Every structure is written in C-alpha cells, then in structure tokens.
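Subject: Structure handover

Hello,

Here is the structure I promised. Please open it next to this note.

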Amino acid sequence: MNVKSILLLLASAATATTSMALFRHVLHGSFGWKGSAIQLIKDSFALLAKPMFLLGLVVFASSTFLWLFVLATQKLSLAYPVQIGLVLVFTGLVSMLVFSETISPQGYVGYALLIIGVFLVTR
C-alpha cells in the first residue's frame, strides 16, 4: 500500500467519522420515534432546515467519494478492513474528545488491537 492510498484511506475514514459526529450533534436528544409515523416524517424533513445536518450530508458525500477512489485503486480485501479499523479508532477519539464519553479499560485494549491490526494489514 503506497502513501497516496494510505492518505486516501485516512481522509475517507476521517470524513466518515466527522459526518457521524455532525449527525450525532444534530440528532442527539431531538430526534426519534415519538409514536407516530407522520411525526417521524415531519421530524425527518425538519432536519433539512438544520445547517449542521446539511453539512453532515456534504461531509458524508465527500467520504463516499473518497471511498470510491480507494476502491478504484486498492484490493477490497485490504482496503475494507483498514477503513473499518480506522473509522472505529477515529470514532472512539471523537467520542472522547468532542462528546466527553468515557472509554473502558477494555475499550482501550480494543482500540490498541485495532491499531495493531490496521498496521499489520497494511504491511
């Protein structure tokens, strides 16, 4: 795996994580099933009026576009596990740093194993 491919994977994982963080920020505590399908549809369309949700959509689309570049240049058996591992690690970091979520000691071990796994797969 060359430097360009690694950078594309990092960018794709980072933008995927960023979009999920933006969606969580917008949706947390204000969106969900409230007992009526019509209310859920109304709430879903109301999201389109929220700039942070729209930004999340743009970032998500960018992530998908970057992922397509990765798929065009790398073996799926290599790219997919690396992408998933990076997204999981980045999500853990964002959840701690941005949303003040706590990670258990077992979680830290899991993240370390993910990082080791990503390193081994890319060798």
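First, the ground rules. This is a predicted model, with local features needing pLDDT of at least 70 and side-chain atom pairs counted only at pLDDT 80 or more, while totals for chains, interfaces and linings use all residues. Residues are numbered from 1 along each chain as its sequence is written, and side-chain values use heavy atoms, without hydrogens or water.

Overall fold. The chain has five helices and zero strands. Both come from DSSP runs, numbered from the N terminus: helices are H or I with at least four residues, strands are E with at least two. The C-alpha trace spans about 50 × 35 × 20 Å along its principal axes. Of the 123 residues, 28% are buried (under 20% relative accessible area with a 1.4 Å probe, protein chains only; exposed is over 50%, partly exposed in between). Take contacts (heavy atoms within 4.5 Å) between residues at least 6 apart in sequence: 71% of them join residues at least 24 apart.

H1 against H4. Helix H1 (residues 3–27) packs on helix H4 (residues 76–97) at about 45°, with the axes 9 Å apart. Axes are lines fitted to C-alpha atoms, for helices over the stretch in contact; angles run from 0 to 180 degrees between N-to-C directions. The pair is therefore oblique (under 35 degrees is roughly parallel, over 145 roughly antiparallel, 65 to 115 roughly perpendicular, the rest oblique). On the H1 side, the contact includes Leu-9, Ala-13 and Thr-17; on the H4 side, it includes Val-82, Leu-86 and Phe-90.

Core. The largest nonpolar core has 11 residues, among them Leu-8, Trp-67, Leu-78 and Val-118. Such a core is a set of buried Ala, Val, Leu, Ile, Met, Phe, Trp, Tyr and Cys residues joined through side-chain atoms within 4.5 Å. H1, helix H3 (51–73) and H4 each supply at least two residues of this core. H4 gives the most, with four. Leu-78 also touches Met-1, Val-121 and Thr-122, not counting residues up to four places away in sequence.

Ile-103 sits in the loop between H4 and helix H5 (105–122). Is Ile-103 buried or exposed? Its relative accessibility is 19%, so Ile-103 counts as buried. Beyond its neighbours within four places in sequence, Ile-103 contacts Gly-92, Ser-95, Met-96, Tyr-108 and Tyr-111.

Best wishes
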